[in-house]
Amino acid sequence: MEAAEVNTDTVHPEVRAHITSLVSALGGINVDDGDGDGYKLGDDALEVLRDLKKWIRFYDEKTNRMDVARCLAEANLIGGDLLQILASWPPNCADNAYRARIALACFEVMTPLTWPIEMDRDNMTVNHYRHIPVLQLAQLGYKRAIINFDAAPILSTAVRVALPSMALPIGQRTPRDHGIIKLILYFMRNIAAISPPQGLKYDGDETQISRSTLVDAFSFQDIFLTLLTVSSNMGDDFRTEDIIVLDTLFHLVKRVDSSKLFVSEREVNKAKSDELTAAMNKEAAMLRAYSKTAPTRHSRFGTMMWVKRENGKMATVTGQEALLDAATRERKMDSSKSFKPSRKAIKDGMEQKNLGPPATLDERARQQLGSFVSDFLDSGFNPLFLHVRKSIDRGALHVLDYHKDQFFYLTAWFLEAERMRIKSRKGSKKTPAADEVGTFNLVAEVLSQEMFITLMRHLNRAFGDHNWTLLTTVMRCFTQILLTVQDMADSGNEEDEEIADNTLSRLFYEETTHDAIANIVRTYKDQGFEYLDACTELAHTFLRILESYSKQNVDLQVRSRKRVRRKKKAAKAAEGEGEDGDGDQDEGDDDSANDEQRVEKTSQERKFDFRRFTTRFLPQAVVDTFVKFTSFYRDLNDSQLKRAHRYFYRVAFKLDMSVMIFRLDIIHLFYDMIKGPKPLDKSSSVYKDWEELTKQLIKKCVRKLEERPALFTELLFSKINSTAHYLEYGYEKQTISSNPRPGAELEFKGAVEHDRQVAIAVGVLLDKGQADHLEWMKKQLSEAEVDRRAWENAEKALAEAAGGTADENLGKAAPPITVVPDDDARRTARFKNPHLRLLMKLVGIERLTPTLDETPESSWVFPGSLTADALKDSLGLIKKAEFSPPTFEDDQMAEDQLRRKSALRKRAAYDDDDGMDDLIDDDEMLFPMGGPTARKQTAEDQRPKKRQKRQRRAGSEEADLPTEEQLDEKARARRLKQLEKRRKIKSTLYVESSGDEGKEERAAFFAREKARQQAKNETFGLATATDDAGKSAWDRIAGVDDSDEDAGPSQSTAPAKAKKKPTTMAALIASSDEDDDDDDDDDNDHSASSQASPPRRSQTKTKTTKPARRPALSSEEEDEGDNEQEDDDEDEENDDDDDMESSQTSQTARADSTPMLENDTGTRGTPLSLSPSGANGAGGNTQNSATSGARDRGDDDNDDDDLPAAAVSKARPRARAGFILDSSDEE
């Protein structure tokens, strides 16, 4: 018995009951009518449809559930009711306003039910996993029923609903008119987008929902004409509908081969027969390769054999296929090896999943789609794609991320279709009319400079963000633009050729475009075959067209951005040093700037060198990309194989860098393509080319092995540029540094005396075995001492002969003595050896021109300030340290006492800084001592600690790439932004009803409904109903309790402090009723109930006197009342403190009275919500007790203690939608 009572329903029973009752109240088949099986609408059909819309909107979408859609799918609402209702609206009855409103309400329900289901793994709940597979199959049934409905053209009926709004000028349309137009366009988009999901088997006939059937329905019901009308008037009569039309076109033409749309039926049949022949030949080749090792009648006998290896070891091989030949035995041994490298799983987002398999069209659908594409290119392509590009550029709110993918995909598709149409016209030899618009003018909007800017922006952004799906579509679009421009150049029309020349010059002018394409091909890793095919096709097309264009335009100029060094010219200052004051001033200016070279990026034009550009496609990473692409040779067509062949031919023979291909796996791949067990099909048009290429490469490799024996080792590895240059030419590539840098400047770790410093520098040179530098230094010091002492003696003798004293000439500077290196090695060591430079600095040697950049040829001198005795002392220190080197503690070396001196970043000398130092007086202090007013440091002043991240090596390819954390954060921000956009788009889907439309009818309807409900209550004895019984089932399911709205007779106390009102669907719907004009009747019912119920008496307390309670308000007045009542909460808290003890009982009662749904499958504690139209929908109650009539939803929790205690009345059975629900049902 217990097992029978377990609830296995995936939807709450009361939700299902309410939805079923609404569907039943909508109408049904009238079998009693003389006409037969006509559909009969219910009395409240329009209100039922609006209630269903509210259920979908406020229950499924607001609470992120799919229960209502599941119930409507199981109730067969669309096929059994809505389509029948639409069929009852004949085309000649266009003036029937009631039927038009019924039809609009039907589409308001059908559009969200057919909306594409998005599976967000991060936010999916148990309900999603329960309902999504069922709803996906249900949507396939919706599509089959709509496009194959024989009683009436449903799609044409949808257009009829929107025609009155579309006929109005855009300035006269109301928001409701715009909503109707978008609703119908979204409905068409939904029908086009529904397709069989992956992993689910559709039980019906797939031909009824195929692309051919969809195209036939769109053509027969004039939907193509509607799309052409909207597209051609985009920007004038339509503005925000561009993305919806783009989305519809995408689902119509995706994965359709545009090359077959504009050919004759005979050519199509011939192409199909050729494809069948090629497939059969491929199958025969596979069978021939398999037959060599196929099992025979003798294969039941086991075979084991010993194979002697080259090192003398024996290996065991089993199986008869090892008897064939040596190659088969080796493959057998390789396949039985224990180690197998792990296979990486394909990352999510690598492959394009929204395209699906290639679409196949029958002959009728092919002609219909070809006719539509031709008409669209003639009239609607330029306006639509211009408007969509502008929407994308300005970041419109209705543009989502996948719309950018669709835009570039459709641009590429229609450009290819236009090229195929031109080719078919040339084949048919049709002469265009004299007044016909130029063919390429029909697609001019995607060949403009603005389009190129948008294209390159998204190319760089997608590459930086690792958005491989978007990058693939952008590369496809770029390729088709290049091919279209090339066709323009070869068209023979002088005007088209001039336009093509200007377009190519703009495309090839920016060197950043060249770098982007080379980087994309070089950085391929595991992005999938679609990305691999797109990047190799773009590189091949770009290289081919650029080579042809550069040959025609020898003086082609490109704009490159380089780092240009601008330095101050200090030669004049060096020449005028010591001559006059001006020279000293110039020297001072140079010293203040510290001679730092200013580096900035500048743009400059230079002549384009195509051979230099092609070297960017020589690195091993680019070769590996094309090798990976070639490894799929069994699945590639002739054009793809030709693309790979042209690249390898260019590398090996045009650029003479065949060593980049000399790797064992590459050579083995080429050999397998010709002589392997699964070779290329010999009937292929490119088989001879690949055979000749493989033969020449192997010959060249053998010759290179004889010339460079080192290649035997390098065959196993990839080659860097220096290794490849050596293997190709036999010598290392000579690189001349245009600006060599001197050796690093060293300093001592601690405070050391001068003699100790000299000893440490000498000890380092001795430890490194560079004693020859010490001998040269001692020689230079001794010679300089002799020269300086001779000059000093001569000056002393001249002074004495003149009658003066020697002290008079002490201030005269001696001439500098040049330090001369004895050979080139010494000159290089003087420039590069940091330890020798340190010793030179310690003995006082200086550069002659310190203001200029140092080079190996710079002059070093003993300055005139050094005396002969100082030179002698330095020489003595070197000799002393040489014979008694210094020792250190802890077995440290002399080199351990030194460290590299950190270079200080100094301010660069800018041109606009000239003369500013003269305006500042050094004697005046710009800021007084003490600084600004001291204040305490706050938390805002403290900078957050930065996370220490691993620094990437400078100069590496990853140095400029963003980290994975940065990419994840950017992707998360984009997802949140897109989710917010989708919510806004979905919320604007519903059409607001007009306030004046059918007002009298609704008033009369609700008057009759009210009288009918009162009579029904009297019939069932419901006149004396308690508060709990009078509460609507919507509130009971949603979890709304009377304790949150007012204190019923069963409660005598209330909680002491105000609690936050629980968030339920009833509250959400009450707040959203202001947005729908058709919900005014709810307000009328609320007002009526407030007038019928007397106001609550005010209670007087000892501390404070509370004002009298207001009667119940309408939905709009309740919101205002909430804000006013919140101001009184603080005043009433003191009164509530006296009743803390009694509040616990009220809280317990409220907790027990709030129903929470609990499914047996594990979903607990989820408050459900039901029909928002409780006043006028099915089951709306109009009679309550006297105390429940005056409800105040603002602060009822604070005033519940004012109510007197009352006995709980007996519950009565509830009546909903004409039948009695037992009270046990809610359990």
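The legends below go with close-up views of a predicted model.

Local features are described where pLDDT is at least 70, side-chain atom pairs count only at pLDDT 80 or more, and totals for chains, interfaces and linings use all residues. Residues are numbered from 1 along each chain as its sequence is written, and side-chain values use heavy atoms, with hydrogens and water left out.

**View A. Helix α5 packs against helix α8.** Here you see α5 (residues 97-113) and α8 (residues 175-193), with their axes 10 Å apart and at an angle of about 50°. Helices are DSSP runs (H or I, at least four residues) numbered from the N terminus; axes are lines fitted to C-alpha atoms over the stretch in contact, and angles run from 0 to 180 degrees between N-to-C directions. That angle makes α5 oblique to α8 (under 35 degrees is roughly parallel, over 145 roughly antiparallel, 65 to 115 roughly perpendicular, and the rest oblique). From α5, Leu104, Phe107, Glu108, Met110 and Thr111 meet residues of α8 that include Ile180, Leu183 and Phe187, where contact means heavy atoms within 4.5 Å.

**View B. Lysine 53 and glutamate 108 form a salt bridge.** Their side chains meet at 3.6 Å, N to O; a salt bridge is a side-chain nitrogen of Lys or Arg within 4 Å of a carboxyl oxygen of Asp or Glu. Lysine 53 sits in helix α2 (residues 45-61) and glutamate 108 in α5, so the pair ties together parts that are 55 residues apart in sequence. Lysine 53 counts as buried at 3% relative accessibility, and glutamate 108 counts as buried at 5% (buried is under 20% relative accessible area, exposed over 50%, partly exposed in between, with a 1.4 Å probe and protein chains only).

**View C. Aspartate 378 pairs with arginine 421.** The closest N and O atoms of this salt bridge are 3.1 Å apart. Aspartate 378 is partly exposed at 40% relative accessible area, whereas arginine 421 is buried at 3%.

View D. Lysine 704 is buried at 8% relative accessibility, while glutamate 707 is partly exposed at 47%.

**View E. A network of salt bridges links five residues: Arg476, Glu530, Asp533, Glu537 and Arg643.** For context, a search of the whole structure finds 42 salt bridges.

Note on methods
Helices (H or I, at least four residues) and strands (E, at least two) are DSSP runs, numbered from the N terminus.
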